[in-house]
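Welcome! Here is a short briefing to read alongside the sequence and the 3D view. Please take a look at the structure before going on.

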Amino acid sequence: MSANPHRPPVIGIDDPPAELLTLLLEALAQRQLRCGVIQYTGADYDPDIPGKDSYELRKAGVERLLLAAEQKSALIHEHPDDPPGLARCLALLDLESLDLVLVTDPPPDWLPAHCRIRAYSHGVTGAPRCLAYLADRTLDAPVPVLSPDDPGRLAAFLHDTVINPVAGDDSP
């Protein structure tokens, strides 16, 4: 086993519109990139429907439930008294098989600012350096400003800046 196990880049995206995220993932797949997504949700949510076997098993006390079918699997991990951190979430993914992990709406302490693509909002001043901004207008910013309407450009930016940077480039 290698002393440096494969760890794909982990990039946070603040408040990505669902359509942008879907189109971005399609554009990255067209570039032959294998992506994982950690979709962070701050509120308690329940992906199961009452009456389904999986719901009943979880409510009966199972801590981990793996739903496996011919073409997909889903892991539900109960942790009501111990919210997950980034390290625990990454441990649940098969990082060896991924080229990039995107985290939607990561908590502030999950990723450093330079590993985040921030959604521009009016009034953002003096924000810590980020990897890029998503904005539908031109900004005077020290980092790239990418349109949320151009997922192909965002995919190219991630590929060229994060996954396959030019030699000598000191980008994250």
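Let's begin with two helices: the axes of helix H1 (residues 18-30) and helix H4 (residues 151-163) come within 8 Å of each other and cross at roughly 55 degrees. This is a predicted model, in which local features need pLDDT of at least 70, side-chain atom pairs count only at pLDDT 80 or more, and totals for chains, interfaces and linings use all residues. Residues are numbered from 1 along each chain as its sequence is written, and side-chain values use heavy atoms, leaving out hydrogens and water.

- Axes are lines fitted to C-alpha atoms, for helices over the stretch in contact, and angles run from 0 to 180 degrees between N-to-C directions.
- H1 and H4 are therefore oblique to each other (angles under 35 degrees count as roughly parallel, over 145 as roughly antiparallel, 65 to 115 as roughly perpendicular, and the rest as oblique).
- H1 contributes Leu20, Leu23, Leu24, Ala27 and Leu28 to the contact, while H4 contributes Pro151, Gly152, Leu154, Ala155 and Leu158 (contact means heavy atoms within 4.5 Å).
- The residues of this contact between H1 and H4 comprise 9 nonpolar, 1 polar and no charged (Ala, Val, Leu, Ile, Met, Phe, Trp, Tyr, Cys and Pro count as nonpolar, Asp, Glu, Lys and Arg as charged, and the others, Gly among them, as polar).

**The chain as a whole**

- The protein chain has 4 helices and 8 strands (DSSP runs numbered from the N terminus: helices are H or I with at least four residues, strands are E with at least two).
- Of the 172 residues in the protein chain, 35% are buried (buried means under 20% relative accessible area, exposed over 50%, partly exposed in between, with a 1.4 Å probe and protein chains only).

**The nonpolar cores**

- The largest nonpolar core has 32 residues, and those with the most contacts inside it are Ile11, Leu102, Ile117, Leu154 and Leu158 (such a core is a set of buried Ala, Val, Leu, Ile, Met, Phe, Trp, Tyr and Cys residues joined through side-chain atoms within 4.5 Å).
- Two or more residues of this core come from each of strand S1 (10-13), H1, helix H3 (86-91), strand S5 (100-104), strand S7 (132-134) and H4.
- Another core lies apart from it, with 6 residues, including Cys130 and Tyr133.

**A buried threonine**

- Thr104 lies in strand S5 and is buried, with a relative accessible area of 4%.
- Setting aside neighbours within four places in sequence, Thr104 is in contact with Ile13, Pro16, Leu21, Val37, Ile38, Gln39 and Tyr40.
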